[in-house]
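Hi,

Here is the structure I said I would pass on. My notes follow below it, so please have a look at both whenever you have time.

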Amino acid sequence: MAMLRIGMKLLGSILVIVGTSGFGTWMAGRYRGRLEEMEQLRQMVYLLKAQIVYAQTPIPEALAVVGRRTEGPLAELFLRVAKRVYGQEGESFRVIWQEETGLLDKKTSALAKADRKSLAMLGEHLGFLDRDMQERNLLLCLEQLDLEIGKLREQRPEKCRLYTSLGVMGGLFLVVLLI
């Protein structure tokens, strides 16, 4: 009977440590995913800028081209916005962009709340300004993305190590408390 109790405590302890370690690893992966998505967004904004400024493509068509050339939740966002703008019934581009970025799925996208807010701000000035102002807006967005990506890259090793370590240490702490 005592051996069974010790075995159950040991099994429970292992499960707690594995669970919290897994959560820490998941958080580190989420951080890496955020960085990758921010880099993809930067690439998409460059492509969008090229379509608008150099190819002189209208916004809906430019969004569709960029959405088809990339993949992931951000590509789907661009495609949804393009589709809605093509079939718009009195809605402005800004309103459509705000609604669609608000619907960006938090489960499939690793972007943080501040990143989503910046993405929503991108659509504020697109669509109704001249090409020169749109180019300036896109350049401003690219500068902000570069700053954020630089910060994320700089902090990546430290943050990922922190998340995994906290997962393991949190599990060990819980085991000590429970036993």
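Tyr163 touches Gly24, Met27, Ala28 and Tyr31, leaving aside residues up to four places away in sequence; contact here means heavy atoms within 4.5 Å. Tyr163 sits in helix H6, residues 131-178. Helices are DSSP runs (H or I, at least four residues), numbered from the N terminus. With a relative accessible area of 23%, Tyr163 is partly exposed. For that wording, buried means under 20% relative accessible area, exposed over 50%, and partly exposed in between, with a 1.4 Å probe and protein chains only. Between Tyr163 and Phe23 the C-alpha to C-alpha distance is 8.5 Å, although they are 140 residues apart in sequence.

Before going further, the ground rules: this is a predicted model, in which local features need pLDDT of at least 70 and side-chain atom pairs count only at pLDDT 80 or more, while totals for chains, interfaces and linings use all residues. Residues are numbered from 1 along each chain as its sequence is written, and side-chain values use heavy atoms, with hydrogens and water left out.

Ser21 belongs to helix H1. Is Ser21 buried or exposed? Ser21 counts as buried, at 17% relative accessibility. Leaving out residues up to four places away in sequence, Ser21 touches Gly167 and Val168.

Next, the aromatic rings. A search of the whole structure turns up four aromatic pairs. One of them is Phe93 with Trp97, a stacked pair at 5.9 Å centre to centre and 25 degrees between the planes. The criterion is that rings of Phe, Tyr and Trp (its six-membered ring) pair if their centres lie within 6.5 Å; planes under 30 degrees apart count as stacked, over 60 as edge-to-face and the rest as tilted. Phe93 and Trp97 are about one helical turn apart, because they are four residues apart in helix H4, residues 93-102. Phe93 counts as buried at 10% relative accessibility, and Trp97 counts as buried at 0%. Ring pairs also join Phe78 to Phe93 and Trp97 in a cluster.

The axes of helix H2 (residues 59-69) and helix H3 (residues 73-86) come within 8 Å and cross at roughly 150 degrees, so H2 is roughly antiparallel to H3. On conventions, axes are lines fitted to C-alpha atoms, for helices over the stretch in contact, and angles run from 0 to 180 degrees between N-to-C directions. Angles under 35 degrees count as roughly parallel, over 145 as roughly antiparallel, 65 to 115 as roughly perpendicular and the rest as oblique. H2 and H3 have a left-handed crossing. A crossing gets that label if the near helix is turned anticlockwise from the far one by less than a right angle, and is right-handed if clockwise.

On the H2 side, the contact includes Pro60, Leu63 and Arg68; on the H3 side, Phe78, Val81 and Tyr86 are among the residues involved. By class, the contact of H2 with H3 has eleven nonpolar, one polar and two charged residues. In this scheme Ala, Val, Leu, Ile, Met, Phe, Trp, Tyr, Cys and Pro count as nonpolar, Asp, Glu, Lys and Arg as charged, and the others, Gly among them, as polar.

How do H4 and helix H5 (residues 113-122) cross, and at roughly what angle? Their axes come within 8 Å and cross at roughly 160 degrees, which means that H4 is roughly antiparallel to H5. H4 passes H5 in a right-handed crossing. Trp97, Gln98 and Thr101 of H4 meet Leu119, Ala120 and Leu122 of H5, and the residues of this contact divide into four nonpolar, two polar and no charged.

Finally, some loop residues. Gln56 lies in the loop between H1 (2-54) and H2 and has a phi near 55 degrees, a positive value in a residue other than glycine. Gln56 is exposed, with a relative accessible area of 51%. Pro58 is in the loop between H1 and H2 and is partly exposed at 45%. In the loop between H4 and H5, Leu103 is exposed at 59%. Leu103 and Leu77 are 26 residues apart in sequence and 8.8 Å apart in space, C-alpha to C-alpha.

Best wishes

Technical notes: Helix = DSSP H or I, 4+ residues; strand = E, 2+ residues; numbered from the N terminus.
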